[in-house]
Amino acid sequence: CHRYGIEPLVTMIHYDIPAYLTETLNGWENPKVIDYFLRYARFLIDEYKQEVKYWLTFNEINMICWSPYLGGGMFVEKSRRNRLSCIHQALHHQFIASALTVSYAHETAPGLMMGNMTQRSQFYPLTCKPDDVLLTLKSDQFNLFFNDVMVFGEYPYFIKKYYADHDIHINPVENFEAILKAGTVDFISFSYYSTRCSAGEGSDAPKTEGNAFQGAKNPYLKESQWGWAIDPLGFRITLNDLYDRYQKPLFVVENGLGAKDVVEEDGSINDDYRIDYLRQHIETMRDAVVEDGVDLLGYTTWGPIDLVSASTGEMSKRYGFIYVDRDDAGNGTLARSKKKSFDWYKKVIATNGADLS
């Protein structure tokens, strides 16, 4: 990366807990995994602290609440706890592992910048009906609580009430308050793809499709082929919302469009829809920085090359600038070819977003 002038950004764990720990310990539900992760994370820091400045401990740490196998490497049906207690026990262990890793990095290599990533879901009230507004507030509180723990170093008041109301019981790690307070992140990192609406009880509004985070459809927005609302202005709103709440630098580490790409007879792939999506989002991101004063460290797309979509398991849901010859059944040569968006985004990088034509 350095040879080609690229600043590395390393995620320590991206839904890839060793299968052995899932099979023998039920993944992150077991506190022993904290020590295993720390041994791994400290090795990474010791080995690469001279080469890598920006680190993320976890990828989309909040995803464990919607997909505990994906986010926590565990089978909730094997737990002696109820489902929510199992999930939030594992999440507690991840918070502790992240905080201890951040503290170790700060102690051994003070110049490193440590983050912990979330999947950001910006909610709008479907209408100005107070029920919709209240549900939006509650939905946003829950989605932000993960960052609250990692930035402020403590569990927020509303999540404690949520635990009490939903019969959630966890065994906290000894001295967890001090651990969380000492290991707060240096920047806020997140993925952004779409927004969703909150509709209160009794609403018959149609629901979004294809998302881990369900919501009511926004009648003012177009959708992707997989039903994700396309909301460039929502990106600017999200950036402002996070910076206003936390007053820490932001880092966008995932943003992109999953779409079906067609290879023409001459081999070209004219993905103008992907260019249009990224152009609009980069424009509103620039407005958040220039017009609104948001402190933004960087932006990376998801992703440079086609791969199997984590959300649907499909190869046909493509995000990359580079096409890979592979279909949903696993057939294909794996040959790679550039899409139209490849050279466009190459120009965007070279001009740091100044030329989006």
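Helix 10 gives 5 residues to the lining of the largest pocket, the largest share, where helices (H or I, at least four residues) and strands (E, at least two) are DSSP runs numbered from the N terminus. This is a predicted model, in which local features need pLDDT of at least 70 and side-chain atom pairs count only at pLDDT 80 or more, while totals for chains, interfaces and linings use all residues. Residues are numbered from 1 along each chain as its sequence is written, and side-chain values use heavy atoms, with hydrogens and water left out.

The largest pocket has a volume of about 1600 Å³, and of the 38 residues that line the largest pocket, the closest to its centre are Tyr-299, Thr-300, Thr-301, Tyr-345 and Ile-349. Among the elements that give two or more residues to this lining are strand 1 (9–13), helix 9 (272–290) and helix 10 (340–350).

A pocket here is an open set of points on a 1 Å grid over the protein atoms alone, where a 1.4 Å probe fits, with protein on both sides within 12 Å along at least five of seven lines, and lining residues have an atom within 4 Å of a point. The volume is the space filled by probe spheres set on the points, which are joined across faces, edges and corners.

Elsewhere, Asp-148 lies in helix 5 (residues 130–152) and counts as buried at 2% relative accessibility, buried meaning under 20% relative accessible area, exposed over 50% and partly exposed in between (1.4 Å probe, protein chains only). Cys-128, in contrast, counts as exposed at 74% relative accessibility, and Cys-1 is exposed at 56%.
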